[in-house]
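Colleague: Could you take a close look at the aromatic side chains in this model? I would like one connected account of how they pair and where they sit.

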Amino acid sequence: MSELTRRKVLRRSAVAGGVALGATVPGAGLAQAAPVRATSVRAESAPAPSAVTVRPDDARYPELIRGTNQRWVGSPDYVRLVTSADQVVDAVKEAVAAGKRVAVRSGGHCYENFTTSSDIKVVIDLSQLTSVTYDAAQRVFVVEPGAWLSDVYSTLFKRWGVTLPGGSCPSVAAGGHIVGGGYGALSRLFGLTVDHLHGVEVVTVDKDKTVRKVVATRDSTDARLRDLWWAHTGGGGGNFGIVTKYLLRTPGATGSDPAKLLPRPPAELLTSTVTWSWDGLTQTGFKRLVKNFGDWFVAHGGPDAAHLDLFSQLKAAHKAAGAITLVTQLDATRSGAEADLDAFVAAVGAGVPVRPQVSTQRLPFLHATKWPGFAGGDPTLRFEDKSAYMRAGFPDDQLSAAYHHLTRTDYTNPAALLLIAGYGGRVNAVAPDATAVAQRDSVMKLQYLAFWQDAAEDERHLAWVREFYRDVYAASGGVPVPGRVNDGCFVNYADVDLGDPAHNTSRTPWHALYYKDNYPRLQRVKAAWDPRGILRHAQSVEPSTD
């Protein structure tokens, strides 16, 4: 089969240098609490370039009012491109004083219109904040929100031999990815990105409209600051403040050697691409293939399971694409890697009446982070995406619904698919309330996707994704309500339909699908640090009224 259209992404260089932590500024507190003292990140020694303001008459404006999903185009009064945290403070002060609605963007990969809705008048663009550094005094890696994941991986690995278990799309920026709980091909082995988040530098606005930089860490002695750190471990972007620096260190890591403070990835990875042609693939064969994949990850989804280095995606493309594809990677340097890969492919294909096509290769770590089996994203396309976590194998009714929609003859888009990613492992070693990511016993993560180019076809493609999703979860009101099999949705795959009673008839609110029992605490953090709702969007956390 042909893979979905992939465009090569030009890589930008990450800045490597030194920053120091240590200055103190007043922190924002609860409405009637005394101010707290919060550590701040000092500015780099060289002066930052001036901020740039881009207005509608500027040739750069059309580029800066849209992100990756071409369905969404904004119309702000201006876009402010900043190059330092202090410039973020100034930009927020200016917008708040003028009463202008503010949105923040780092890489532009938001799936909904959270940075482009018509009421947004100022977009603060963090794409020029791209440094990836190490602070020896605090023993933390410092990643700015505009750094692309490809640059984060490159700098961390080349300079210190370490990595983050983040996503596989190279042009996704650290900003929204980390704060949403980001995951990727190494998460089964090392957990989520937020499991290594030691702290954040955040620009906040209190009830008196005072704008401040504060640093909140997992070690903060003030409970309000610790709550602010916790909210950024999966609470979603655009909720509590504007993150200008992520401070990263694996919990429990000791010593002063930076090479021992974040995970060390495998030096080489064994990658595999397996395809089963839709020709000859009956409903029974399709169900067997998908069920086999799910059952393997159910059996290997615990934090102490075997083969945690094995990550795989089953791309069940629409029949119009011609084939279903299995892409897999595992540590090539360990004993028995080839045999384990062969056994996995055999287990997934057991009983499927179509002979697969198989290809494998060994790749050095950094090359593997750009392997097109996982990496991708075409910034010229429009798309719709819906998500689900699974904590058990596929029930037959879900498999029947999937087969029906992937073989419909009234909808023949080869760039439409159900993508099923293996999950769990060390992700599930963390308690559901230890971070804001509540889904800590799931074993698969699903995406329902369609890509297209013509705006005139929006309704046709949206209808297919919505109907597919509705039918798979028909037993629970059209959405994956947390239960024995399903476990809600992934906040980084934003989906406003979850809050629409026309699409969600479960009576389970959208926030319970994303955050489950963690939502009340997130509401309290919102009330403490953004009580005026300066940062808000269609699915932003609502401040508590306690």
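Modeller: Rings of Phe, Tyr and Trp, the last by its six-membered ring, count as a pair if their centres lie within 6.5 Å. The model is a predicted one. A search of the whole structure gives 32 aromatic pairs. In one of these, the ring centres of Tyr448 and Phe468 are 5.0 Å apart and the planes stand at 90°, so the pair is edge-to-face. Tyr448 belongs to strand E18 (residues 444–452) and Phe468 to helix H11 (residues 458–472), so that the pair links distant parts of the chain, 20 residues apart. Buried means under 20% relative accessible area. Tyr448, with a relative accessible area of 1%, is therefore buried, and Phe468, at 0%, is buried as well.

Phe490 and Tyr493 make another edge-to-face pair, with 4.7 Å from centre to centre and 85° between the planes. Phe490 has a relative accessible area of 4% and so is buried; Tyr493 counts as buried at 10%. Phe490 and Tyr493 also belong to one aromatic cluster, together with Tyr111, Tyr183, Phe383, Tyr389, Tyr423 and Phe451.

As for the setting, the chain has 13 helices and 18 strands, and buried residues make up 60% of its 546 residues. Among contacts between residues at least 6 apart in sequence, 73% join residues at least 24 apart. A compact globule of 546 residues would have a radius of gyration near 24 Å, and the 23 Å of the chain agrees with that.

Terms used: Residues numbered from 1 in each chain as written. Predicted model: local features only at pLDDT ≥ 70, side-chain atom pairs only at ≥ 80, totals over all residues. Heavy atoms only, no water. Helix = DSSP H or I, 4+ residues; strand = E, 2+ residues; numbered from the N terminus. Rg over C-alpha atoms; globule rule 2.2 N^0.38 Å. Buried < 20%, exposed > 50% of the residue type's maximum accessible area, 1.4 Å probe, protein only. Contact = heavy atoms within 4.5 Å. Phe/Tyr/Trp six-rings, centres within 6.5 Å; stacked < 30°, edge-to-face > 60°.
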